[in-house]
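Biologist: Before I use this structure, I would like to know what stands behind the words used for it. Please take me through them.

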Amino acid sequence: MLEIGDRPWGKYYVLADEPHYKLKRIEVNPGQRLSYQFHHHRQEFWTIVEGEAVVTLDGEEITVKYGESIHIPLGAKHRIENRTSELVVFVEVQTGTYFGEDDIVRLQDDYDRGE
């Protein structure tokens, strides 16, 4: 692992951090969700590898199950939520020009992190 990040909603693992992409494995604990956010410098592609999630993409809720993927375009408002009693795990591929954690613009956050 290049980096492991503990968050109130779960955990992420950076698997690759290259000049043109970043690859993460992200775990979302039961009943938890990430902040509703967007990015200025990257798009994301999520593939569910364990469990079932609800993704909010520009205000629309989409259920994404094991083996399914969803594209998060640059600038799109998004969040992923685990409404089940089982762990949700997804693989995130980021592409763009910058992949730092400070390119997260939080619009709403359950944990009072920098709205």
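**Terms and values**

Modeller: The protein has 11 strands and zero helices, where strands are DSSP runs of E of at least two residues and helices are runs of H or I of at least four, numbered from the N terminus. This is a predicted model, in which local features need pLDDT of at least 70, side-chain atom pairs count only at pLDDT 80 or more, and totals for chains, interfaces and linings use all residues. Residues are numbered from 1 along each chain as its sequence is written, and side-chain values use heavy atoms, without hydrogens and water.

Biologist: Why does Glu101 count as partly exposed?

Modeller: Buried means under 20% relative accessible area and exposed over 50%, with partly exposed in between (1.4 Å probe, protein chains only). Glu101 has 29% relative accessibility, so it counts as partly exposed. Buried residues make up 41% of the 115 residues in the protein.

Biologist: Where is Glu101 found, and which residues does Glu101 touch?

Modeller: Glu101 is in the loop between β10 (88–96) and β11 (105–108). Leaving out residues up to four places away in sequence, Glu101 touches Arg7, Tyr12 and Lys24; contact means heavy atoms within 4.5 Å.
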